[in-house]
Amino acid sequence: MRCEDTTADVWLPIPADEIEDLPEPGGSGLNYRFWDGGPEFPADPARCAFYVVPYMKGSEIAVRPLSGMTSVRVVQTLSAGIDHVTPGIGSLPPGVALCNAKGVHEASTAELTLALILASLRGIPGFVRGQDAEEWRAGFYPALADKSVLIVGYGSIGAAIEDRLAPFECARVARVARSARTTGRGPVHALSDLPALLPEADVVVLSTPLTPATRHLADAGFLARMKDGALLVNVARGPVVDTNALLKEVESGRITAALDVTDPEPLPAGHPLWHAPGVLISPHVGGSTSAFMPRAKWLIAAQVRRFAAGEDLVNVLLTTD
């Protein structure tokens, strides 16, 4: 009589032997399979119980195995957003926990946000072009000190951005999230308060997830309410901003922008955003730093340990019906 195999697979985008503190394979009832988005699956998707989505490989790869994962119980992303896996959620069985990577990207994304703000205000792109041309481009530039900053999307990344703004002597930091609440630093306003807050901000930072409610949140009306000379910084997702509306504003010279994400993305050659006046673009590198891997490994190990022990997971954004 053949014994029934009761083990289940965990698909990891990082080799298991490179992640400390994972439960021992076999004895924990788990087998580890390495898949970083390559053309061949490492095993039958139907045996996968815990799927860690390959990082920064795009939606097509992220969702490719989902329809075959009939036994999956957990889908864990390594990004703060889950919009790249939501197209495949409908193919999942009921009761699957979809978890994000809260705790992994806060430091890196907040660092880049400050870098983009400071580079834009202090004219760093022009200095680099001047160095290339051997030109001494002296002048008088805005400081972050005494500026009013509005953070739209006050989750863990938004809070980390405010942590790093603290030493810069900003006149005011206002916070906006889906719903109003109070924090130790002060009130968090609801999205419905944006029309009143936007005209007061010198710097507007977008750090909100991409949802149906936030797609094109920064539309023509939003941008028109920003004060003359204000800076828009997008470290969220490209479609949070209406690209055509933004182009009209920056080409007029009324506002400037610093974008780590764009719509479309990657930004194709010849797109007008590349050379739009007052626009600084970084290629979606908010989370792509040396800080990513140790935090990602820690999260993966902690979540798999909880799963193996039958404990509640963290960072659960939704459970499928």
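**Notebook: sheets and ring pairs**

I began with the open sheet of 8 strands, whose order reads β8-β9-β7-β6-β10-β11-β12-β13 with mixed pairing. I note that this is a predicted model. I then looked up the edges: β8 (181-183) and β13 (279-281) each pair on one side only. From one strand to the next, the twist averages 20 degrees.

I checked what packs on this sheet. Helix α4 (residues 156-165) does, touching β6 (148-152), β7 (172-177) and β10 (203-206). The direction of α4 makes about 160 degrees with that of β6.

Strand β12 (residues 256-259) runs parallel to β13, and 3 bridges join them. I picked out A257, whose bridge partner in β13 is V279.

I turned to the open sheet of 6 strands. I read its order as β2-β1-β3-β4-β5-β14, and the pairing is mixed. Here the edge strands are β2 (30-34) and β14 (316-319), each with pairing on one side only. On average, neighbouring strands are turned by 20 degrees against each other, direction ignored.

Which helix packs on this sheet? I found α8 (residues 292-309), which touches β1 (8-12), β2, β3, β4 and β5 (97-99). Its direction makes about 160 degrees with that of β3.

I also looked up one strand pair inside the sheet. Strands β3 (residues 48-52) and β4 (residues 74-76) pair in the parallel sense over 3 bridges. In β4, Q76 is the bridge partner of V52.

**Aromatic pairs**

I then listed the rings. The structure holds 8 aromatic pairs. One of them is Y55 with F292, stacked at 4.3 Å centre to centre with 15 degrees between the planes. Why does this pair tie together parts 237 residues apart in sequence? Y55 lies in the loop between β3 and α1 (59-63), whereas F292 lies in helix α8, so the link spans that separation.

I compared F127 and Y141. Their ring centres are 5.1 Å apart and their planes stand at 85 degrees, so I logged the pair as edge-to-face. F127 lies in helix α3 (residues 124-132) and Y141 in the loop between α3 and β6, so the parts tied together are 14 residues apart in sequence. F127 is partly exposed at 32% relative accessibility. Y141 is partly exposed too, with a relative accessible area of 31%.

Last, I noted a cluster: ring pairs link W11, W35, F41 and Y51.

Terms used: Residues numbered from 1 in each chain as written. Predicted model: local features only at pLDDT ≥ 70, side-chain atom pairs only at ≥ 80, totals over all residues. Heavy atoms only, no water. Pairing = 2+ DSSP bridges. Helix = DSSP H or I, 4+ residues; strand = E, 2+ residues; numbered from the N terminus. Axes fitted to C-alpha atoms, helices over the stretch in contact; angles between N-to-C directions. Contact = heavy atoms within 4.5 Å. Phe/Tyr/Trp six-rings, centres within 6.5 Å; stacked < 30°, edge-to-face > 60°. Buried < 20%, exposed > 50% of the residue type's maximum accessible area, 1.4 Å probe, protein only.
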